[in-house]
Amino acid sequence: MYLVGLTGGIGSGKSTAAQRFAAHGCAVLDIDGVAREVVQPGEPALEELVARFGRDILLADGSLDRPKLAEVVFHDDDARLDLERITHPRVAARVAERIQSLVQSQEVPGAQLIVVDHPLLVETGQAVRFEAVVVVEADIESRVRRLVESRGMPEEDVRARLRIQSSDEERRAVATHVIDNNGDLASLYTQVDEVHADLLTRARATSAD
C-alpha cells in the first residue's frame, strides 16, 4: 500500500479532488467523516465535550450541534485547543485502525493508493506519516466566495476559519504535489489525473524495492 495525504484549506476544492481520486479506484478515507463518528452519542469524546462546553452544544436528540460548537471554538483559541485535545487523538487512532484494516483485508490490491482526505494534516503534524502529500490550493478570495455561495456560510465565519488554518506556504513546505484549483473543474480533474498517474508510478517503484 502507498499512503497519500490529501489536504488543502477550507474551500480549496480538496473534497472534489478526493472524489476524483476515488473515481480512479483509490481507497479514500475521509477525516471529516471519522471526526463525526467519534462525537456520536455514546462516544467518550462527546461526553468530554459536554463536560467542557455544557449541554447547550447538544441537539434535542442528544447528538452534537456542530454549528453551535463551531460558533464557540472558531472565535476562542482556548476553546478550540480544548476541542482539538479531546477529538484529534481519537480521530488519529480510528484512522490508523481503518488503514490497518484496509492493508490486512487487501481490499486495495497491488500497488494501489490509500488517500487520506485530511483538512488539518499540516496543523496536526501528520505529514511525516505519509509517503506523499498532495496539496490543493486556491486563492483566498475564491475560497471565501465559494463557501459563501455554495454553503451559505457567513463571510466572517469563513475568514475566522481561514485564520486558524495553515497557510499555503506551510502546506507547500510538506507537499510532494501541488494542485492549483483556481481554474475550472476540468483543469482540476486533469491535474488530479496527472498526480494519480505519478503516485501510481511511485507506489509501484516502492513495492518493487
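**Ring contacts and helix packing**

A charge does sit over a ring: the charged end of Arg20 lies 4.2 Å from the ring centre of Tyr189. The criterion is CZ of Arg or NZ of Lys within 6 Å of the centre and within 35 degrees of the ring normal.

The model is predicted; local features need pLDDT of at least 70, side-chain atom pairs count only at pLDDT 80 or more, and totals for chains, interfaces and linings use all residues. Residues are numbered from 1 along each chain as its sequence is written, and side-chain values use heavy atoms, without hydrogens and water.

Mean pLDDT (predictor's confidence in each residue, 0 to 100) is 90 for the chain. A value of 70 or more is reached by 96% of residues.

Helices α4 (residues 66-73) and α5 (residues 77-105) are DSSP runs of H or I, at least four residues. Their axes, fitted to C-alpha atoms over the stretch in contact, come within 7 Å. The crossing angle is roughly 130° (range 0 to 180 degrees, between N-to-C directions). Leu69, Val72 and Val73 in α4 meet Ala79, Arg80 and Leu83 in α5 (heavy atoms within 4.5 Å).

Methods
Helices (H or I, at least four residues) and strands (E, at least two) are DSSP runs, numbered from the N terminus.
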